[in-house]
Amino acid sequence: MAQVKEYIGKVKPDWCPGCGDFGVLNALQRALADLDIAPHNVLVVSGIGCSSNLPGFINAYGFHGLHGRSLPVASGAKLGNHGLTVIATGGDGDGYGIGVGHFIHTCRRNIDMTYIVMDNQIYGLTTGQASPTTEKDIRTKSTPEGTIELALNPIALALTAGATYVARGFSGENLHLAQLMRGAIEHKGFALVDVFSPCVTYNKHNTYPWFRERVYKLEEERHDPSDFRLAMEKAYEWGARIPIGLFYKVERPTYEDEDSVLRGGIPLAKQPLERTDLAAVMEDFI
Amino acid sequence: MTTDYVFRVGGEGGEGVISTGEMLTLALARAGFQIYTFRTYPAEIKGGHANYQVRASDKLLLSQGHWLDVLLAFNEEAYQKHIQDVRRNGGVLIYDTDSYQPPILEGVIYYGVPLTSLATEKIGIKLTKNIVSLGVLAHLFDIPLKVFEDLLKERFGRKGEVVVQKNIDALHVGAEYAKQIPRQDRIQLGSGSRGAKHLVLSGNESLALGAIASGCRLYAGYPITPATDIMEFLARELPKIGGFVVQTEDEISAIGVVLGSSYAGKKAMTATSGPGFSLMTEMIGLAVVAEIPSVIVDVQRVGPSTGMPTKTEQGDLYLAVYGGHGNCPRIVMALTSVEDCFYGIMRAFNLSEQFQMPVVVLSDQYLGHRKATVPVPDLNQVPVIDRRKPQAEELAGFRRYRFTPDNISPMSIPGMEGGGYVAEGLEHDEVGYPAASDHENHLRSTQKRYGKFGQIHQIANDLVRLYGNPHPEIGIIGWGSSEGVIREAVEIAQSKGYSVGALHPKILYPQPIAKLKEFIEGTKAVIIPEVNFTGQFATLLRKRFAYDFIQLNKCIGLPFTPQEIVDKIEEVAAHVHSSRRSHPAAV
C-alpha cells in the first residue's frame, strides 16, 4: 500500500489556518494511498475558488482551469484516456453556481469519475458573498439584509440528475470522509462527494461547532443506500439533525461502457498516432 | 467549347427541392463533370422558399457562377425570386404548368411541363413531381438516364422494390414527356471529361474527413447551424476508425472536453458557429495560457446575436483574432475551398500541436454547405505532426513551461511517470506553479507565448496563394471562402486586359507580413473584398501597413459573385488611370 506522503505536493496550501479544505486534501491523499493508485495515473481537475487551488497541493497530474468548468475538462480527459483516475474538485460557487449546468449533465452522463465539492456555503476567495448553498436569510457582504433565495440542495439535485454515487462528508470527520472518497473513486460511474468544509474566515454561521452539533452518520442509522426514495428523503433532512455518509449508490452502465468504441477498447491517448486509412469513410462519397 | 452550365431548382421548402438539387448534383458528378453547388435555404424547417444551385463544367470550377442557364421553378414564388438571374441570351425556364403561367420575357426560353398532373395521373404520387422533373432535365440536356436510375436505387433501396420502381417510372414519365418539347436551347451535357476518381463533398464533410486524417478521434460539440453536419458526419464515421463524438450540454462544455482530451494526450476538435464561438472565448484564453493544443472551427453565419442562421458572412474575424481577455495569442486560419477544408484542417491540427496553442479555423455557411467534386485526398500532402513530448532526461525536475529558444516546451501526458504538472490558468512559472504576483515572470511568460509567432509568420508566408499577375497594378487581398470567386474574377479581368492579381492568405493571424508587403509594394490600388460590413481583415491589415486599402463589402448574407469583383476592378482601374490620388476607404 502506498504512503500518504507520496501524494503530498511541493506547494504548501495557501488556505486560511483552520480552513475545512485541509481536511478534504488530507482525506483525498489518504483515499488515494489506500487505493494504491500511482500519482502519475491520477488527474485532479478543478475550477476557480479557494478550494479549486487543491490540484497544486497534491502530487499528481493537475488541471486548474476556469471558474465553473472543471467537469467538462475532467470529462474530456477521462474520455481521452479512460485509464486515468480522474477527480474533479471545487467549491459550491464553482460547481453549484456558475457550473451547475455542467454538474447536472455530468451526473446524467455517468462518466466514471469522482467530483469532490468543498461546500462552505459562501464565496470565500472573493471575501464573503452569498453562494448557492448559503442558507436563507443569512447576511453576507452581498446580502446585507439576508439571502432571499432558497439554498440549493446538491444531494437532491445529484440524485435527480442521475448520479450513481451520492455522498456527503464533513471535513471534521476525516477518516469517514476518506472512506466516502475511497468508495467514490472505486465506484464505476459518476460519484459526488459533497463536503461540509467550513470557511473559518467568512462564514460565521455554518461553523465547525454548528456542524458538530448536527451531523450524524447515515451508516450508523442503518440507512439503505440502494433505496432511491429514502435517499431523497434524507437529502431533505436539514435542521437539528443533518445526515452525512453515503445517501445513494447504484450500478448503472457508465458512458464508457455504453460507447461502442470505448467499451473494452484501449484508451484513445494510448493509440498510436498513425496515418489513417480513409477508404472506409470515403466510399460513402464517391 | 467547354461545358459550363448553372442550374437552379426553386420551390417550397420541405417539398423536395433540396433533394432534387442533390440528385442532380450527384448525377452530374457521376456523369463526369466538375460540380460546384450553392445552397440557400429558409431558417424554417418546413415551408418557406428553398433553392439549390449547381454549376457543372469540364474545367475546375472556382465559383457558383452568376447567370443561370436553367431555372427549374416549381411554383410562382420561385419564378419571381429567380427569373432575374436567368441568362437573357438563351437561358431556360422549366416550370410546372399546373402551378402557374409565367409572363414571357425576351431572351428566355420557356418549357412548360405539367409536373404535378404527370406525377398524380401517371404515378399516383404527387411528390414524385421532383423525379419527373429530373427525367425532363435528363432528356432535354442529355444527362445519362442510367445515372439517375442508379441514384434512385441507392436512395430508395431501403424503402423496397416498389418505391424504387415508382421513382424510376416517374423519371421515365418525365423523359418521355420531354421528347415532345420543341427544343429551342443549345444546352447539352452528355458525359464529362473528368477522368480521375473524385469525391463529392461539402465543405463541412471535407473538413471532418481532414480531421480524421489528422488523428482527431474525439469530437465534442453542441448542435448549431451551419456547423451541425460536421458533428453528424463524425458521429457516423468516427466509430469506424476508433473514435467517437460527445454531444455536450453547451459550447463551453464542448471546448472544455476538447481541452481535457488534448491535455490527456488525444487530439480533439469542436466546431460551432458565431453564437457558440462567443461562448468559447474564455476557454480559448485558458488554452493559450496553459498551452494546450486545440482546434476550434467556426462555420460563420450572419451575426450579431442569432442573426441569420442559414446565411453566410465573414463577420467573426475580430472575435477569432481578439476574442478573450488579456494578451492572448492564438492562430487564426481561414479555409478557402472544399478541397482546402481537408488540407486546411490538417494544417490546423499540426499548428496547434507544434505550437501548443489554440487554432481557430474559420469557415462559413457558403463553404460549409456547398458541395464540390474533389480529387481523392492525398494523405502525403500534409504530414501528421505530434506535440513535443519530454525526453527521459527532461523528466527529472520536469518543467512543463520551460523557457526554450523556440518558446516551445516539452508537454508531458498524464500517465507519464515524473511528468506530473498542473495545467494552470493562473499566470505560472516554468514548472507550472502559480506566479500571480511575480511581475517579471508575467512579462517573460507573455513573451514566450507571443514568441511562437516568429516561426508561425514563416509558415503563414508559405501558405499564401497568388493568382493572376504577381506584381499587379490592381491587387486584391481576400480571405476564406471568397478564394475561388476572386480567382475567377481575376481571370475575367485579365482577359479584359487589366493588370490585376490576387493574394489569398490561409493564415490570417499572425499574418504573412513578408508576402503581404511584397505584394502590396508596386500596386496602384489594393481591393479587399469581404462578406461583412466594416472590413475586418482590412482593419487588421491597416494596423500593419500604411496603405489606403479599398474595401469592397457585401453584407446581405450572400457570397460575392465573380462579376461583382470584376465590376469593382473596373471601377478602381478607371479611377487609378484618371488620377494619382488614392482612394478613401469606404466603410
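Axes are lines fitted to C-alpha atoms, for helices over the stretch in contact, and angles run from 0 to 180 degrees between N-to-C directions. The model shown in these views is predicted.

**View 1. Helix α8 of chain A against two strands.** Helix α8 of chain A, residues 228–235, lies across strands β5 (165–170) and β8 (242–249) of chain A. The direction of α8(A) is at about 155° to that of β8(A).

**View 2. An open sheet with strands from chains A and B.** The order of the 9 strands is β7(A)-β8(A)-β5(A)-β6(A)-β4(A)-β3(A)-β1(A)-β2(A)-β15(B), and their pairing is mixed. Its edges are formed by β7 (215–217) of chain A and β15 (422–424) of chain B, each of which pairs on one side only. With direction ignored, neighbouring strands of this sheet are turned by 20° against each other on average.

**View 3. Strands β1 and β3 of chain A, with helix α1.** Strands β1 (residues 42–46) and β3 (residues 85–91) of chain A run parallel and are joined by 5 bridges. Within this pair, A:Leu43 is placed opposite A:Val86 of β3(A). Helix α1 of chain A, residues 20–35, packs on the sheet and touches β1, β4 (114–119) and β6 (191–196) of chain A. The direction of α1(A) makes about 160° with that of β4(A).

**View 4. Helix α2 of chain A.** Helix α2, residues 70–80 of chain A, is mostly covered, with 11 of its 11 residues buried. Among the buried residues are A:Leu71, A:Val73, A:Lys78 and A:Leu79.

**View 5. Domains of chain B.** Chain B is divided into domain 1 (4–179), domain 2 (200–375), domain 3 (388–451) and domain 4 (464–578). A distance of 36 Å separates the C-alpha centres of domain 1 and domain 4 of chain B.

Conventions:
Residues are numbered from 1 along each chain as its sequence is written. Chains are lettered from A and ligands numbered from 1 in the order in which they are written. This is a predicted model: local features need pLDDT of at least 70, side-chain atom pairs count only at pLDDT 80 or more; totals for chains, interfaces and linings use all residues. Domain bounds come from an automatic or database domain assignment. A residue is buried if 20 or more other C-beta atoms lie within 10 Å of its own, exposed if 12 or fewer, and partly exposed in between; C-beta atoms are placed from the backbone. Helices (H or I, at least four residues) and strands (E, at least two) are DSSP runs, numbered from the N terminus. Two strands pair if DSSP finds at least two bridges between them. Two residues are in contact if their C-beta atoms, placed from the backbone, lie within 7 Å.
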